[in-house]
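This report describes selected features of one structure, arranged by region. The sequence and the model are shown first.

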Amino acid sequence: MWEVFARRKFEDPLCHIGTVAADDEDLAQVYARTIFNEFSWVEMVLYPRTGSISAIRV
Amino acid sequence: MIESTASTTAALTTLVASLADNKYFLGRRYAEWCTSAPSLESAVAAAAMAQDEIGHARSLYPVLEDLGGESPENEPETRTTFSQSAFLSKPFDGWTDFVAANFLFDTAMSVGLEAAVDSSYIALAQRARRILEEEQLHWLHAEGWVRRLSSLGVSVRADLQERLQRIMPFSCGWFDLAVSDLVLSSILTQGTDELRARFLERIRPIVAVAGLGPL
């Protein structure tokens, strides 16, 4: 699973826009770009969920 | 319209018609998987790629009018003689066919278009540049799925190998359209043999990493 972040303008912060399920980073890129294509993003970044660090867990 | 001999114009018309027809039919074949791809993500990707291919065809058909004048043959809706590769004439048997066509045939056409980016025929050069921007995503999809299917076990890999081998002759054969007339008139920067070699250079590393046999 990959967390997808993007921004519409360079001055905007990256915002979490969703997730995609993919086995590798190439397919994750394809899926993220085709699923979240509702805006002309200036940047889109993907992070593997396995690389996340949990700071708070209730 | 370009300044050229009749044989060059004929070769260029054949090339553009083949690109347009093959992209039109590849788009239709991709579109058939919009609702039946293995995952929601791959279904959306299939829909996007279908839309891209049909859009590419839509941009190429008007070039035929520039080359040969007005004719019902310049529109996919009224065209009677299509020149698509035979394997695109019927729906894919499975997702593996989709991946094989994406990996080989889609890539072959992109390699051909790369030789048209600096074409002396501006109408083709402009379209080639635009199409290749969108094709980057198709290549990522293709190589990702070739690796994925190859990792799913012996039988899936064998099936992929068989599908790839079936589509390979159509992909390599497509470069026959890059005749020397087109290179001599700077419409293409590379001819049949060079393009075929470039295509093989593109796909072989992925084939090797995926543990597939030679194609």
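## Basis of the description

The structure is a predicted model. The values in this report are computed from that model.

## The sheet of chain A

In chain A, 3 strands form an open sheet with antiparallel pairing, and their order is 2-1-3. From one strand to the next, the twist averages 25 degrees.

Strand 1 (residues 2-7) of chain A is joined to strand 2 of chain A by 5 bridges, and the two run antiparallel. Within this pairing, A:Ala6 has A:Cys15 in strand 2 of chain A as its bridge partner. Helix 1 of chain A lies across strand 1, strand 2 and strand 3 of chain A, and its direction is at about 135 degrees to strand 3 of chain A.

## The contact between chains A and B

Chain A and chain B each supply 13 residues to the contact. On the side of chain A that touches chain B, helix 1 (residues 25-35) of chain A gives the most, with 8 residues. By class, the residues on that side of chain A are 7 nonpolar, 2 polar and 4 charged.

Two packed helices are described by the angle between their axes and the distance between the axes. For helix 1 of chain A and helix 2 (residues 40-68) of chain B, the angle is about 70 degrees and the axes are 9 Å apart. Helix 1 of chain A is therefore roughly perpendicular to helix 2 of chain B, since angles of 65 to 115 degrees count as such. The crossing of helix 1 of chain A with helix 2 of chain B is left-handed.

In this helix pair, A:Val30, A:Tyr31, A:Thr34 and A:Ile35 of helix 1 of chain A meet B:Glu41, B:Val44, B:Ala45 and B:Ala48 of helix 2 of chain B. The residues of this helix contact comprise 6 nonpolar, 1 polar and 1 charged.

## Helices 3 and 5 of chain B

Helix 3 (residues 95-114) and helix 5 (residues 154-174) of chain B have axes that come within 8 Å and cross at roughly 25 degrees. Helix 3 of chain B and helix 5 of chain B are therefore roughly parallel to each other, and helix 3 of chain B passes helix 5 of chain B in a right-handed crossing.

Among the residues that helix 3 of chain B brings to this contact are B:Leu104, B:Phe105 and B:Met109, while those from helix 5 of chain B include B:Leu164, B:Ile167 and B:Trp174. The contact has 13 nonpolar, 3 polar and 3 charged residues.

## The loop between helices 6 and 7 of chain B

B:Leu188 is placed in the loop between helix 6 (180-184) and helix 7 (192-209) of chain B. It counts as buried because 32 C-beta neighbours lie inside 10 Å, where the cut-off is 20 or more. Leaving aside neighbours within four places in sequence, B:Leu188 is in contact with residues including B:Ala115, B:Ser119 and B:Leu182. B:Leu188 and B:Ser120 are 68 residues apart in sequence, and their C-alpha atoms are 7.9 Å apart.

B:Ser186 is also in the loop between helix 6 and helix 7 of chain B. B:Ser186 counts as exposed because it has 12 C-beta neighbours inside 10 Å, and the cut-off for that class is 12 or fewer. Its phi is near 60 degrees, a positive value in a residue other than glycine.

Technical notes
Residues numbered from 1 in each chain as written. Chains lettered and ligands numbered in written order. Predicted model: local features only at pLDDT ≥ 70, side-chain atom pairs only at ≥ 80, totals over all residues. Contact = placed C-beta atoms within 7 Å. Helix = DSSP H or I, 4+ residues; strand = E, 2+ residues; numbered from the N terminus. Nonpolar A, V, L, I, M, F, W, Y, C, P; charged D, E, K, R; others polar. Axes fitted to C-alpha atoms, helices over the stretch in contact; angles between N-to-C directions. Parallel < 35°, antiparallel > 145°, perpendicular 65-115°, else oblique. Left-handed = near helix turned anticlockwise from the far one by under 90°. Pairing = 2+ DSSP bridges.
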